[in-house]
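Subject: Structure for you to look at

Hello,

Here is the structure I said I would pass on. Please open it next to this email and follow along.

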Amino acid sequence: KEVVLNKIKELSKNTRVVMLNENHWYPNHRILAKKLLRPLKEIGYSYLAVEAINKEKDTSLNSRGFPIKSTGYYTREPFFSDFIREAIKMGYKIVSYDEFESEDRELSQAKNIYGIIEQNPNAKIFVYAGLDHIYESNPNNKKRMSAYFKELSGINPLTIDQAHLFGDTKGELIMFKSDLFKGMERINTNVDYFVINHFDTSLDEMFDEKIMTNFKI
């Protein structure tokens, strides 16, 4: 897994925006997101843009330091909550960018992420999105957030899909260039890389073993 994390870190130096997606029902996807926080912070990333946060219902997340019930629906899941808590602890500024009621949700998402760049031209942003929003071109004639963002900003984001590729390999984390799958039926290659995520959804993956304690009741 360290090889993959280091590879993503190196690739992230070539852009200012990294987009990682998730399947909303897979807590292990949040484990990878959390593990990327420190490598990206070390190379200057300081904004975490999260689709799942409801900015209307929770306006005090950054100052409070942790999510609560009103922060969002998916963020109530413990691994997601810990991911956000750790990001704030590391000094990331959490930004909510989704607009569910918009006429064009994809365009609104892209504009909100680009707004971070407009306010801070030197910003480096880690975008954590759901499923297909990170597609860089428009499959099935539907333009996604990432494609809109590229048009608005002129920035080519690093897009990493961990939601659509599965395998029976034993490694915890395996990464492939999307080019390897071009032309294959049912694999959408409108991203830069695919990751197969086999992390166990266990506390051992989320917390340092030094602070873990076993006890029986």
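Below is what was found in it, from the whole chain down to single residues.

This is a predicted model, in which local features need pLDDT of at least 70 and side-chain atom pairs count only at pLDDT 80 or more, while totals for chains, interfaces and linings use all residues. Residues are numbered from 1 along each chain as its sequence is written, and side-chain values use heavy atoms, without hydrogens and water.

The protein chain has 7 helices and 7 strands; these are DSSP runs numbered from the N terminus, helices being H or I of at least four residues and strands E of at least two. Their order from the N terminus is α-β-α-β-α-α-β-α-β-α-β-β-β-α.

The C-alpha atoms fill a box of roughly 55 × 40 × 30 Å along the principal axes. Of the 217 residues, 50% count as buried, where buried means under 20% relative accessible area, exposed over 50%, and partly exposed in between (1.4 Å probe, protein chains only).

Glu 205 lies in helix H7. Glu 205 counts as buried because its relative accessible area is 13%. Between Glu 205 and Tyr 47 there are 158 residues in sequence and 23 Å in space, C-alpha to C-alpha.

Asp 208 sits in the segment after helix H7 (203–206). Asp 208 has 43% relative accessibility, so this residue counts as partly exposed.

Regards
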